[in-house]
Amino acid sequence: MIEIFAPHEIDRARETGAIVGSILNELKSRARVGVNLLEIDEWARRLIVENGATSCYVDYAPSFGRGPFGHYICTAVNDAVLHGLPHDYRLADGDLLTLDLAVIKNGIAADAAISFVVGTPRDAEALALIDATERALAAAIEVARPGNRVGDISRAIGNVLSGAGYSINTEFGGHSIGSVMHGDLHIPNSGRPGRGYTLRPGLLIAIEPWVMTDTKVLVTDADGWTLRSSTGCLTAHTEHTIAVTEGAAEILTLPR
């Protein structure tokens with residue numbers, strides 16, 4: 001299902017997006033050395049409830065996961081990049097942490113992710129990975145305009161990531177979003193311009209560049225959910241939900 005929303009419905013999407021952005025911002029400020037990933041999950045639960053929203057993750061049970069996710073946020077550390085299942089781990093100084101959050105309120109979902117270094121950044125590669133995903137996201141948002149196609153977004157992401165020297169995995173990527181977290185529109189992180197679905201005002205999409213230092217091969221953790229780099233290398237993941245408008249795209253998942 002690919003949904004197109006009317007202007008008054010975009011107002012609801014703005015509210016949901018602001019909740020996601022604000023919760024991620026708050027959790028980043030709390031994610032210090034010694035904090036347990038399960039504490040972050042509990043903080044996420046409380047903040048979601050306080051904002052009158054509902055988690056998209058707790059009951060999420062796609063074909064690639066092992067049963068319902070059962071937690072409120074994805075917490076991926078160092079070589080973990082996607083679908084990081086919170087577990088009993090205390091953050092160490094220099095860990096590269098990715099937080100990925102999706103909630104729904106008033107019938108519209110929003111999804112975003114941030115990557116950052118906990119404590120003191122010592123590894124230049126960690127900062128380079130994060131920077132590459134952020135630049136790729138900015139490039140993708142710039143071309144997310146009416147009349148352009150999904151392939152233009154994919155190409156913009158791919159140009160930045162490959163230009164930074166990284167291999168690109170296209171198994172998982174961005175997606176349309178709306179009344180459900182994952183719509184039918186798939187937005188890979190590399191592609192050919194001028195191909196794919198034509199963007200229209202009212203379309204909501206989550207764009208999510210992610211990358212691994214020296215491989216494009218993923219392995220699934222023993223927990224049945226967490227996806228890691230096959231070589232154990234560092235990873236990073238950045239994501240925003242945006243609305244396609246008559247002009248420049250609107251980023252919905254910025255903090256209030």
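Predicted model: local features only at pLDDT ≥ 70, side-chain atom pairs only at ≥ 80, totals over all residues.

Colleague: Which residue forms a salt bridge with K105?

Modeller: Side chains of opposite charge can pair when their charged atoms come close. For K105, the closest N and O atoms of the pair are 2.9 Å apart, and the cut-off is 4 Å. The partner in this salt bridge is E15.

Colleague: How many residues apart in sequence are the parts that K105 and E15 tie together?

Modeller: K105 belongs to strand 4, which covers residues 96-105, while E15 belongs to helix 1, which covers residues 7-30. The pair therefore ties together parts whose separation in sequence is 90 residues.

Colleague: Is K105 buried or exposed?

Modeller: A residue counts as buried when its relative accessible area is under 20%, and as partly exposed when it lies between that value and 50%. E15 has a relative accessibility of 31%, so E15 counts as partly exposed. K105 has a relative accessible area of 18%, and therefore K105 is buried.

Colleague: What separates R30 and E26 along helix 1?

Modeller: R30 and E26 form a salt bridge, with their closest N and O atoms 2.7 Å apart. R30 is partly exposed at 28% relative accessible area, and E26 is partly exposed at 31%. Because the two residues are four residues apart in helix 1, their separation is about one helical turn.

Colleague: Which helix holds both E42 and R45?

Modeller: E42 forms a salt bridge with R45, and the closest N and O atoms are 2.7 Å apart. E42 counts as partly exposed at 27% relative accessibility, and R45 counts as partly exposed at 29%. The two are three residues apart, and so separated by about one helical turn, in helix 2.

Colleague: What is the radius of gyration of the chain?

Modeller: The secondary structure comes to four helices and 14 strands. For 256 residues the globule rule gives 18 Å, and the chain comes close to this value, so it is as compact as a globular protein of that length. Its radius of gyration is 17 Å.

How values were computed
Residues numbered from 1 in each chain as written. Heavy atoms only, no water. Rg over C-alpha atoms; globule rule 2.2 N^0.38 Å. Salt bridge = Lys/Arg side-chain N within 4 Å of Asp/Glu carboxyl O. Buried < 20%, exposed > 50% of the residue type's maximum accessible area, 1.4 Å probe, protein only.
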